[in-house]
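Hi,

Here is the structure I promised to pass on.

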Amino acid sequence: KQQYDITKKNMEMFDIKMHDVKHMLLGMRNILTPEQIAEIEKVVTIYDSTVKSGNEVLDVIFTEKSLQCEQKDISFERIVDGSLLRFMHVSDVYSLFGNAIDNAIEAVSKVDKREKRTVSLMVRESRGMVYIGLENGTIEFEDGLPVTTKQDKRFHGFGTKSIRNVVEKYGGTMVINASDNIFRLNILLPVPKAKV
């Protein structure tokens, strides 16, 4: 929750700065080189292209992670109906998606071929359940969970455990597998019945 609040506050500040940058860019066209203008416009376009998912928490996460992906030359594709997650607590949404996307970014950032550096995320309704699917590059497994690639393994690998805890908290199921050089995280969460 604290991390989300900090990120949200940063994104609000960033919104204001991006607005100012757009206006400054118009006045600086005679000062900057075409390459500098193109680079600034690229960052502004990435930020502006962040799609509204229907869930404010996801929008904050997607904005932050989209910028990270751009820095690492990773394609971040998503088809998401964030309104389906309204039954989840803010901190749980942040924990589940923040950890899942961070793990995916870390994994694909080690892939040499640019065209294979892709993270794909889907959130949709499926037979009264919320389906969450994430795909990216392959990694090793131990006890049904991905093995951390960090040097000091004692203090890492908690992200996937945190995801599993959130899924279990909501009575869902999580399946992780890798085949055909693609890592897949599939989650099903039951949607609580509305109280009458």
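To start with a backbone detail: just after H3, Asp73 has a positive phi of about 60 degrees. (Helices, H or I of at least four residues, and strands, E of at least two, are DSSP runs numbered from the N terminus.)

Some ground rules. This is a predicted model, where local features need pLDDT of at least 70 and side-chain atom pairs pLDDT 80 or more, while totals for chains, interfaces and linings use all residues. Residues count from 1 along each chain as its sequence is written, and side-chain values use heavy atoms, with hydrogens and water left out.

Back to H3: 12 of its 16 residues are buried, so the rest of the structure largely encloses it. Buried here means under 20% relative accessible area, exposed over 50%, and partly exposed in between (1.4 Å probe, protein chains only). Among the buried ones are Asp59, Glu64 and Lys65.

Then there's the largest nonpolar core, with 36 residues. Such a core is a set of buried Ala, Val, Leu, Ile, Met, Phe, Trp, Tyr and Cys residues joined through side-chain atoms within 4.5 Å. Leu96, Phe97 and Ile101 are among those with the most contacts inside it. H4 gives the most to this core, with 9 residues.

Last one: Thr160 sits in helix H5 and, at 9% relative accessibility, counts as buried.

Cheers
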